[in-house]
Amino acid sequence: MSDLNFSLLPWQQTVFADKTRFKVVAAGRRCGKSRLAATTLIIEALRCPAGSAVLYVAPTNGQARQIIWDVLLEIGRDVIQASHINNMDITMINGAKIYVRGADRPDTLRGVSLTYAVLDEVADIKPEAWEQVIRASLSDKKGRAMFIGTPMGRNHFYDLYQYGLKGDDDTFKSFHFTSFDNPLLDPKEIEAAKKSMSSFSFRQEFMA
């Protein structure tokens, strides 16, 4: 663990350093959401107590593999003991597991004791995956979670984001970042995209 050297963008550092149990992150495209997710999962897995695991969930198995699998292997190559792409499980050098799953079949997520979970592209994930399955899996270890994604109208992700903004529940906190918050993206490229998109689409996809 002491040899790991993760490089995070300023906005990623802000979210990572925050100690709130449940973090809701609305961010624009190419902002760096997946890299933050992968880095957090690797560190949380290395902190995992015996008999527990961490979980990454995307809307479908195919999306989960496409979005996070290669990023996890790249960032965690020095601390990964084994990886199995067929069942999308990663075993860390301390024996802890990272499970990569799709939420299209929520019941397959049951029965796992979790210390951390990342739900990615939350607007496309069925609400019951969290409410009926993942939340309970975090209970025995008092695990934590991060909800990340780009908004898609006013749906359950919007409601969750608004809930975190209210401040009535100190276990939830919401964050908002735009594609401009990634200094590795050329601002001129974002402005060029703006010219060819409707105002609604640009505000949703890039300005979150």
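Which residues form one aromatic cluster? They are Phe 22, Trp 130, Phe 147, Tyr 163 and Phe 172.

## About the model

This is a predicted model, in which local features need pLDDT of at least 70 and side-chain atom pairs count only at pLDDT 80 or more, while totals for chains, interfaces and linings use all residues. Residues are numbered from 1 along each chain as its sequence is written, and side-chain values use heavy atoms, with hydrogens and water left out.

## The sheet

Let's start with the strands. Eight strands form an open sheet with mixed pairing, in the order 3-4-5-2-6-7-1-8. (Helices, H or I with at least four residues, and strands, E with at least two, are DSSP runs numbered from the N terminus; two strands pair if DSSP finds at least two bridges between them.) Strand 3 and strand 8 (172-177) are the edge strands, each pairing on one side only.

Strand 4 and strand 5 pair in the antiparallel sense over three bridges, and Asp 89 stands opposite Tyr 99 in strand 5. Helix 2 packs on the sheet, touching strand 1 (22-27), strand 2, strand 4, strand 5, strand 6 and strand 7 (144-149). Contact here means heavy atoms within 4.5 Å.

## Helix 3

Now for a helix with a bend. Helix 3 (residues 61-75) has 15 residues and reaches 21 Å from its first C-alpha to its last, close to the 21 Å expected at 1.5 Å a residue; that expected span is 1.5 Å times one less than the number of residues. At Ile 68, helix 3 bends by about 40 degrees, taken as the angle between axes fitted to the seven residues ending there and the seven starting there.

The buried residues of helix 3 are Ala 64, Ile 67, Ile 68, Trp 69, Val 71, Leu 72 and Ile 75, where buried means under 20% relative accessible area with a 1.4 Å probe, protein chains only. These buried residues pack against helix 2 (33-46) and several strands, including strand 2 (53-58) and strand 6 (114-120).

## Aromatic pairs

The structure holds seven aromatic pairs. Rings of Phe, Tyr and Trp (its six-membered ring) pair if their centres lie within 6.5 Å; planes under 30 degrees apart count as stacked, over 60 as edge-to-face and the rest as tilted. Trp 130 and Phe 147 form an edge-to-face pair, 4.8 Å centre to centre with 80 degrees between the planes. Because Trp 130 lies in helix 4 (residues 127-137) and Phe 147 in strand 7, this pair ties together parts that are 17 residues apart in sequence. Trp 130 counts as buried at 12% relative accessibility, and Phe 147 is buried with a relative accessible area of 1%.

Phe 175 and Phe 177 form a stacked pair, 6.5 Å centre to centre with 15 degrees between the planes. Both Phe 175 and Phe 177 are buried.

Definitions and conventions
Buried < 20%, exposed > 50% of the residue type's maximum accessible area, 1.4 Å probe, protein only. Axes fitted to C-alpha atoms, helices over the stretch in contact; angles between N-to-C directions.
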